[in-house]
Amino acid sequence: MHNQDRAELKRSLFKFMSNVEGLDAIIVTDRDGVVMLKVAHESVPDQVTRHQFLSVFGSMSDQASKLGLGTNQRIISLYDNYQVVQINKQPLLVTMVGSSEANTGEILNLEKDLDMLFKDLSTVIQMT
Amino acid sequence: MEKSLEKHLEETFKIPGVSGIICTDEQGLCLASKGVSNSNCSGSIASVAQQAEHLRKTSNSPSIYIESENGNLLIGRRENITMAIFKSD
């Protein structure tokens, strides 16, 4: 991916993140948790931007898809101070981290906005 | 568990002029919807109600009325529940 394209994508991601109050990070990874794109406020805990945390969703999603309800699409995890919304967009995974009081519905709505971005990135991953 | 809520939505939906109704929690997640209302707009509806409260401090949450070409929308929030009623012209 060219640096210019990457910068353009990051700008778009940052804009989407700013549209939702309390949303602190949007991280796009491949199935193994390798970061493709990331925008995050400084306040976000370090561990959520690392591969060890991000790669867990891939396994969680695989297991959730074995529950007889079809392919897992999204997982929302609510903690005391944070919430993590993760979306399965094969071959990409999207992790969004926000405060526990952020509007979860609005965070989920971002999926529509992110779909255009996913098309370009998915093509790049499938080619590699 | 949601039978009582569904029943209330059903009764409200019968009122002439009401084309849709949606009920969301404080996190913007849809609890129930009926008619033209799309459960995907639950986040936006909850957000509008929350933001309106910032405009002016009052003891009760304000009611919001949105007029548009295709119809009108009435949004109200009580405690942690936000309800929106879609009205056709």
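## A pair within one helix

A:Glu8 and A:Arg11 are about one helical turn apart, because they stand three residues from each other in helix 1 (residues 3–18) of chain A. In this predicted model, the two residues form a salt bridge, with 3.3 Å between the closest N and O atoms. A:Glu8 is partly exposed, at 46% relative accessibility, while A:Arg11 counts as exposed, at 53%.

## Pairs between a strand and a helix in chain B

A salt bridge also joins B:Lys34 to B:Glu10, and its closest N and O atoms lie 3.3 Å apart. B:Lys34 belongs to strand 2 (residues 30–35) of chain B and B:Glu10 to helix 1 (residues 3–13) of chain B, so the pair ties together parts separated by 24 residues in sequence. B:Lys34 is partly exposed, with a relative accessibility of 22%, and B:Glu10 is partly exposed at 34%.

B:Arg77 and B:Glu53 meet through their side chains in a salt bridge of 3.2 Å, N to O. This pair links distant parts of the chain, 24 residues apart: B:Arg77 is in strand 4 (residues 71–78) of chain B, and B:Glu53 is in helix 2 (residues 42–55) of chain B. B:Arg77 has a relative accessible area of 11% and is therefore buried, since the limit for that class is under 20%. B:Glu53, at 23%, is partly exposed.

## A network in chain A

A:Arg74, A:Lys89, A:Glu111 and A:Asp115 are joined into one network by salt bridges that share partners. Over all chains, the structure holds eight salt bridges.

Terms used
Residues numbered from 1 in each chain as written. Chains lettered and ligands numbered in written order. Predicted model: local features only at pLDDT ≥ 70, side-chain atom pairs only at ≥ 80, totals over all residues. Heavy atoms only, no water. Salt bridge = Lys/Arg side-chain N within 4 Å of Asp/Glu carboxyl O. Helix = DSSP H or I, 4+ residues; strand = E, 2+ residues; numbered from the N terminus. Buried < 20%, exposed > 50% of the residue type's maximum accessible area, 1.4 Å probe, protein only.
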